[in-house]
Amino acid sequence: MNRLHIITALAVAVACLFPSGSQAVETVSSPSGTIRLAFDVKGGGVPVYQVFFKNKTAIKESRLGLELDSENASHQFYESGSGSEHVDKSSLYNGFTLAKAETSTHDETWRPVWGEESSIRNHYNELAVTLNQAKNDRYIVIRFRVYDDGVGLRYEFPQQKNLNYFVIKEEHTQFAMTGDHMAWWIPGDYDTQEYEYTRSRLSQIRSLFDKAVTPNSSQHQFSKTGVQTSLQMKTDDGLYINLHEAALLDYSCMSLNLDDKNMIFESWLTPDAQGKKGYMQTPCHSPWRTIQIADDARDILASRLILNLNEPCKIEDTSWIHPVKYMGVWWEMITGKSTWSYTNAVNSVKLGITDYSKVQPNHTHGANNANVRRYIDFAAANGFDELLIEGWNEGWEDWFGNSKDYVFDFVTPYPDFDLKALNDYAHSKGIKLMMHHETSSSVRNYERHLDTAYTLMNRYGYDAVKSGYVGNIIPRGEYHYGQWMVNHYHYAVTEAAKHHIMVNGHEAVRPTGLCRTWPNMVGNESARGTEYQAFGGTQPGHTAILPFTRLQGGPMDYTPGIFEMDLSTFTSNKSKVLSTLCGQLALYVTLYSPLQMAADMPEHYEKYRDAFQFIKDVAVDWDKSLYLEAEPMEYITIARKAKNSDDWYVGNVTGKSDFNSTVALNFLDKGRQYEATIYADGPKANYLTNPQSYTVTRKKVNAKTVLKLHSVAGGGYAISIKPLK
């Protein structure tokens, strides 16, 4: 599938060990020379690095290394030319000398199974430094890959006599900022990323932290200056810097802790139930720590650094993996119109013992045969691929908040959900049902049922599952983002691949580009999605920051497409969706995902058939993506060309201010005529008082056309552009 062009490595090996302080600085630049990285070993044998963008310092001198857990470590002294520094067996952050420095270059073009474009270039220059720690008779490798859009670095631990098994106490990777940058951040948390973003100076994080923490079903913050990645920043002189990680496997998820006196971020790993931050066996390596740098916000959106730092696809036959446009029996439960549970007469469920055939139904259960058939009919009639149904299986009466181990079995339906008949009915209409596996974070229980649950899916023709991890993790004391859970998510995806099942994980650890390696990871939540619009609302600007942050690591199942903004019109819920209708349409272009949901209910789409046409038309897989206008949390305009088609789609979303957009259609084929259908905010549209005001206009366009469009705060526009025959 991948075509590799590996240019012969330019290896420079230094055979002898130089004393600390006498070593030359090692440097490596990106292919175009835009970004340069310098590495050195400073006094006391401390490895450090710096990063420059167009000869401007982007990351000041920053320390590297790890601290191991060694309760019985024997302490030793390390003598250096600039003084003495304590070195013990727990230290993998000092006492080093440079043993070897190797440089190489790599250039390949690979084709993703699905994505924002049909091919991606992976072009970098590499520096791998081998560091010897003589006092402990061991060594490590730090590998740097420098791209035109950023830097990746990771620690590698070859197998050796004195480094076989070790436990990480702390990772001390630093990112030293050049000033008090503007940042778009969410609180550092071991269990959730479902927060709204705060825009502030780095120095203001501490004072704003408590206000930024809002309630969640499971959460645990670690520091008043702790933030999560992907962290987007902007310097006063116009550099955009983004910190994240790539290829998170068999390791704890990284957050960042800020020393707000010196403006230095340091890696902060999620601990396990014992407070340990990683159990390692050599040979092994850390995930990549990533730094994206640009002087144009659009280049951050166009970066493929995170994907490129992941391994190539490990699934030999990917023919069963496909993009999905789907609907769901979901929003009506989120809003409170219906329930996941079948009965109100049972307070404590014991699976296999509780007899649902003998209890009184509550008649509010959403996943009933008649309601599901209604959704199937609508989804099939409007060209959707699949239908998600939540609340179909026994156990929802006491599923949350009880730290319950055996909470679901993932195979036994409620009495009013005919598993076989509904699947047969859906297949007869040309669509599939999408499975739902809520685990209630009883992960041990899910793993013991996983093969049986996937086998059931195979039997009835399900090819995709939405999994959920709401609540505190069982095994108790583990966190959502610890090494144990990172390994679980990976296990669920790889086992699903054996069954030809695509996975959409909710409340899971945020993506780090692993969808390149395992493209059956078609979606994740791992951020504040549309559901929060039913829990009091999400402020405008949220969808204009997500592509800079959460989506850097992979697509999000954001569940867009809400048309009825005032929930009190059909439920007792007083919340309002803080968006215009056209702002919702735009999300199908601006928030990339191969798994796109039309999240509202059929009856609401029926009222706005002309606007619903865009959701029916818009693609979910792309040949090309162009980032036309962008500023974090303020506005984003993106144009995408549908895969294997000449159709283009454009989307624009705004933040808390109106935006006047200028879109030159010079990406269209020259000499060709097209029809553009423009769905735009109406002249009197207002996301609070008049969200359903919109216009639909059609006009002939070509490559010379320039469109002038206006989006209101919390709004946007969507355009479909199709060639005229």
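**Charged pairs and their setting**

Reply: Lys56 counts as partly exposed, at 32% relative accessibility (buried means under 20% relative accessible area, exposed over 50%, partly exposed in between, with a 1.4 Å probe and protein chains only). The model is a predicted one, in which local features need pLDDT of at least 70, side-chain atom pairs count only at pLDDT 80 or more, and totals for chains, interfaces and linings use all residues. Residues are numbered from 1 along each chain as its sequence is written, and side-chain values use heavy atoms, with hydrogens and water left out.

Lys56 and Asp237 meet through their side chains in a salt bridge, at 3.5 Å from N to O; the term stands for a side-chain nitrogen of Lys or Arg within 4 Å of a carboxyl oxygen of Asp or Glu. This pair links distant parts of the chain, 181 residues apart: Lys56 belongs to strand β5 (residues 56-63), and Asp237 to the loop between β19 (231-234) and β20 (240-246). Helices (H or I, at least four residues) and strands (E, at least two) are DSSP runs, numbered from the N terminus. As a general point, side chains of opposite charge can pair when their charged atoms come close.

Asp137 and Lys161 form another salt bridge, with their closest N and O atoms 3.3 Å apart. Asp137 sits in the loop between β11 (120-133) and β12 (138-147), and Lys161 in the loop between β13 (150-157) and β14 (165-171), so the pair ties together parts 24 residues apart in sequence. Asp137 is partly exposed at 44% relative accessibility, whereas Lys161 is exposed, with a relative accessible area of 66%.

Asp646 lies in the loop between β34 (635-642) and β35 (648-654), while Arg672 lies in the loop between β36 (659-664) and β37 (674-681), so parts that are 26 residues apart in sequence are tied together. Asp646 counts as partly exposed at 32% relative accessibility, and Arg672 is partly exposed with a relative accessible area of 28%.

Some charged residues are joined in a network of salt bridges: Glu126, Arg143, Arg145, Arg154 and Glu156. The structure holds 43 salt bridges.

Now the setting. The chain has eleven helices and 40 strands. Its radius of gyration is 26 Å, close to the 27 Å that the globule rule gives for 725 residues, so the chain is as compact as a globular protein of that length; the radius is taken over C-alpha atoms, and the rule is 2.2 Å times the number of residues to the power 0.38. Of the 725 residues, 64% count as buried. Among contacts with a separation of 6 or more, 71% come from residues 24 or more positions apart, a contact being heavy atoms within 4.5 Å.

As for confidence, the mean pLDDT of the chain is 95, and 94% of its residues reach 70 or more; pLDDT is the predictor's confidence in each residue, from 0 to 100. Over residues 1-22 the pLDDT is below 50, and this stretch has 48 contacts in the model beyond near neighbours in sequence. Residues 72-84 also have pLDDT below 50, with 31 contacts in the model beyond near neighbours in sequence.
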